[in-house]
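Good morning, and thank you for the time. I shall go through one structure on the screen, beginning with a contact between chains and ending with a single residue.

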There are 2 protein chains.
Amino acid sequence: MYRTKTCGELRLSDVGQTVTLAGWVQSVHNLGALTFIDLRDRYGITQLAFTEDSSEELKKQAAKLGREFVIQATGKVEERYSKNKNLPTGEIEILVSELTIINESLTPPFTIEENSDGGDDLRMKYRYLDLRRPTVRQNLELRHKFAFEVRRYLDEHGFLEIETPVLVNSTPEGARDFVVPSRMNPGQFYALPQSPQTLKQLLMVAGMDRYFQIVKCFRDEDLRADRQPEFTQIDCEMSFVEQEDILQMFEGMSRHLFKTIKGIDIPALPRMTWADAMKFYGSDKPDTRFGMKFVELKTTQVDNASKEIVPSIFPEGFAVFDSAAYIGAICAEGQAVYTRKQLDQLTDFVKRPQVGAKGLVYARVQEDGSVKSSVDKFYTPETLNLLKEKMSAKPGDLILILSGDDAMKVRKQLSELRLEMGARMGLRDKNKYSCLWVIDFPMYEWSDEENRLMAMHHPFTSPKPEDIPLLDTDPASVRANAYDMVINGVEVGGGSIRIHDAKLQQKIFEILGFTPEQAQQKFGFLMNAFKYGAPPHGGLAYGLDRFVSLFAGLDSIRDCIAFPKNNSGRDVMLDAPGVIDQTQLDELCIDVKLPSTK
Amino acid sequence: MYRTKTCGELRLSDVGQTVTLAGWVQSVHNLGALTFIDLRDRYGITQLAFTEDSSEELKKQAAKLGREFVIQATGKVEERYSKNKNLPTGEIEILVSELTIINESLTPPFTIEENSDGGDDLRMKYRYLDLRRPTVRQNLELRHKFAFEVRRYLDEHGFLEIETPVLVNSTPEGARDFVVPSRMNPGQFYALPQSPQTLKQLLMVAGMDRYFQIVKCFRDEDLRADRQPEFTQIDCEMSFVEQEDILQMFEGMSRHLFKTIKGIDIPALPRMTWADAMKFYGSDKPDTRFGMKFVELKTTQVDNASKEIVPSIFPEGFAVFDSAAYIGAICAEGQAVYTRKQLDQLTDFVKRPQVGAKGLVYARVQEDGSVKSSVDKFYTPETLNLLKEKMSAKPGDLILILSGDDAMKVRKQLSELRLEMGARMGLRDKNKYSCLWVIDFPMYEWSDEENRLMAMHHPFTSPKPEDIPLLDTDPASVRANAYDMVINGVEVGGGSIRIHDAKLQQKIFEILGFTPEQAQQKFGFLMNAFKYGAPPHGGLAYGLDRFVSLFAGLDSIRDCIAFPKNNSGRDVMLDAPGVIDQTQLDELCIDVKLPSTK
């Protein structure tokens, strides 16, 4: 026993006790006659005191201490003279009578405080030191609690956590697989699962009824800030359910998580169709912490988002609008004060290649109700007044308009602009949560690259029963029994009701362009299983890293992962990946063939 | 909503209710006027009844049903005429008024009952059908509950579950790694972790204080019946602890698991030194459900198990015993009735190559107290009487003696014989549990293959402080702060206190034959971390599959794994591993190089 108490638990009521603590030296304050040491462990910080009356030996020991030394200290709990209200232990200190240096420390390469002076690379290399920082540690504590509460809720609702294998077979659709050469089966490879999708469906065929798993998944994709080659999914599936049963069950889980972890009672989750999400927010994961919904000023196309044509409110005259297939706008409340310079910045923002708009039209509603716009010369005050009315704009508001010849593209640009304005206006508060279900996703999306319809979710997703007749006549307009849970503009989870009817499944494969042989080759084991009594089933999967990041208010999922990889997929602390021995390659019957040696 | 109740919950008190059930047709009993169907889901079996009064339409539907069809049935709960006391729902049945066939089923390739008629291979290929069998399903339910209770206990004791990466670097010691080629880092490979050993030690350096993880681990070894290439570990580590703290904490966890899952109060775990385990049971994982401890009749060698020489109780005369370095025996109570044929079987058993003894000497204690043995001609009745006394044998007992020139080898042979006798005598009852700690393992074991001392546990294991001086003089006799938890002869878990002192670690590496350069190259990232204030720490890991198998009374861990692999490392259901496309190989910069094409 190295300690009788932790550094986080002593209070005024403990004064007089003799205790032993152990931990890391956070800081040493030498005030001549007095020396104070902040001792840190996972549970908190406690002040150790050495006074004039301390023995010479003790003083000598204390003088040796440096940052991050590991020590053990025994002494009496005393009331502090000058209390620290920022620390739960701030009212007491330990008058040290015994001190042992358990381990010394080199000077750490960066400061181990709330805000470190270490750059990203340095902190990742010394991740074990970075993790000592309270902010990072708290993220891992939150993640633990989050996962535990997920399990508690699902266990209480009859779900079984069932482990599925990590060494599986390569999946035919989706992202690139990581593969693992099999020594015992030369020339053959396992794949690491991108998700346990087919396995959980087999578990439903197996009668497991309610399954979940918090499980690592793997995708060999080029990494972006918010992607990791390995990530963790809360994977769930239920049998004998319809979409409504699943929405209810997992809305309940979210409520449980918000309540037990954040202490927040969230309201019933609104449901928004995919069509409305695209029409009003230009995104299938709308950030509904704020309004600023799109107003369609012109659409000449009917698509999955807009079911009817909207004649332009603008008479002919301005070529850009005249030729546009779509004109949409948002109204930024009270932002008419935007200067010309700020508006130029916004124009630059929408013209960035990541957004891709051609330009930005704006209109300020003046205090007197009149409208002053960047297109004044093309339109009469009446037209601009009509614009104001359509936008429900008040004096002081700023109207921002985008247009283009592809409605979906412009919607996405306008969505970026809306999010930017939301951020500038302080409407995207990390401590405010707005959750919703986005439902009725289209079954398919057109792929220009593949020149065919692709499954939007995955090929096992069930169409909405009322849309099944459309499979033959207008497959692109068929809606799926698919749903996403969106919080603050982040898709935290999504899923679908699966097809359990072999004939319907075959038809879906046909529409996706598979011959029966291809379908059998690619999905044979699942198709075969479905011949032996598949129950109706459906489920969803949450991205644990994203969900936790949202609860922690993080900008990157990396900060809630103990040992993340960088954008090149490297773990710089472990220095992985690395080269392996030729003997190991020989055993695996593979050879490295670098491009230059081809 | 496909159902209002499950097939496991209806009781007499529900009679009169109209309910809807959904599930699989377990069996159809057509008795002419009456048809009974057993409907099965995860929760149980409920009888559906169709009577003479049922509509023609209903009867026609019912007549179509076959085994494993998925159906939905609505009807009134009625009291059964002939009750089935073996089923919780056996007092009621559903008089069906509506029946829907949700999905048909081909005739399954084996019966889906408690005991299936399917062979192992067939059941593995159709694992999704095998899992419908109540016995297999119950194993997965037990596993879920087991893992959940582990988490509950550890959470209550302040442990954080922290996920460590699956894509790591190749470990220098231990078994063969599975490797994963990195596309983004051509020519380089990740390895899948054999255990998160070094990562959890880094988490201790990071100040996480109490860590656990239920985590997949990977070993590319040739498989035996009780091995899987991927297996699940309950991995734990604590800081600022001594061995006693860990033993207490995890003895508590075992008590919690036995209590909450099996309803058993287990007594305090006895502790047995490794030396005693080897001396009295010939095994570091003794099955202590029964006695039959070894008696040493002669040892001429002093080793880590026997610290003193035991002069032979046999005078010269029988060459086998005369030349033996070790003679050991067990006393099988009441087994003097063994016939000559049975004794020949036992002799064959110990002579099998897996056991490896040269022969077996036996002695029966007759009803009159005299001893009749297979070596009567070499020894006087007085010597045989002395044997009887040494063995504390009573009339009716059977003494079995093995000898040889390597004490450790004979002990292991005698251990096999003891286990065999225990099994024959019904002393290895699966419903009885005997748990203990085996402690004080040696630090090293000699490897004839490598011609050097090898770490028995792993190179980070701390020696017992009192044995540290022996590191210089007699390293082979140094004991470690290492411990195993053994239940019914199965090592369910084990661990050690780790070295946190860089100098001691260096010395251990030297004894293991590493140069400082080699040590740095192989363990550098851990050694570096230890320079920044490593706390004293230790931990252990349980094999979840084994622990659960023990609770379920299984002979193989496979039966508590949803989708296990066979002895060639194949998943015959998924048909993994498999070949991958050349384009995929090209992207990964590797080539397959089969032996025949070399």
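Contact, throughout this talk, means heavy atoms within 4.5 Å. Helices (H or I, at least four residues) and strands (E, at least two) are DSSP runs, numbered from the N terminus. This is a predicted model, in which local features need pLDDT of at least 70, side-chain atom pairs count only at pLDDT 80 or more, and totals for chains, interfaces and linings use all residues. Residues are numbered from 1 along each chain as its sequence is written, chains are lettered from A and ligands numbered from 1 in the order in which they are written, and side-chain values use heavy atoms, with hydrogens and water left out.

Let me begin with helix H4 (residues 134-156) of chain A and helix H4 (residues 134-156) of chain B. In this pair, A:His144, A:Phe148, A:Arg151, A:Arg152 and A:Asp155 meet B:His144, B:Phe148, B:Arg151, B:Arg152 and B:Asp155. By class, the contact of H4(A) with H4(B) has two nonpolar, two polar and six charged residues. Here Ala, Val, Leu, Ile, Met, Phe, Trp, Tyr, Cys and Pro count as nonpolar, Asp, Glu, Lys and Arg as charged, and the others, Gly among them, as polar.

How do the axes of the two H4 helices cross? They come within 11 Å and cross at roughly 140 degrees; axes are lines fitted to C-alpha atoms, for helices over the stretch in contact, and angles run from 0 to 180 degrees between N-to-C directions. H4(A) and H4(B) are therefore oblique to each other, given that angles under 35 degrees count as roughly parallel, over 145 as roughly antiparallel, 65 to 115 as roughly perpendicular and the rest as oblique.

From H7(A), the contact uses A:Trp274, A:Met278, A:Lys279 and A:Tyr281; from H11(A), it uses A:Met408, A:Arg411, A:Lys412, A:Ser415 and A:Arg418. Four nonpolar, one polar and four charged residues make up this contact.

I turn now to chain A as a whole. It has 16 helices and 23 strands. Of its 598 residues, 59% count as buried, where buried means under 20% relative accessible area, exposed over 50% and partly exposed in between (1.4 Å probe, protein chains only).

Why is helix H5 (residues 197-205) of chain A described as largely enclosed by the rest of the structure? Nine of its nine residues are buried. The cover over H5(A) includes strand E9 (210-218) and helix H14 (516-529) of chain A, together with strand E1 (18-31) and helix H3 (127-130) of chain B. H5(A) is followed by A:Gly207, whose phi is positive, near 85 degrees.

On cysteines, a search of the whole structure finds zero disulfides over all chains, a disulfide being a pair of cysteine sulfur atoms within 2.5 Å. For B:Cys435, the nearest cysteine sulfur is that of B:Cys236, 16 Å away. B:Cys435 is buried, at a relative accessible area of 9%.

Finally, B:Glu230 is found in strand E10 (residues 230-239) of chain B. Is B:Glu230 buried or exposed? At 6% relative accessibility, B:Glu230 counts as buried. Leaving aside neighbours within four places in sequence, its contacts include A:Pro165, A:Val166 and A:Leu167, as well as B:Lys216 and B:Lys565.
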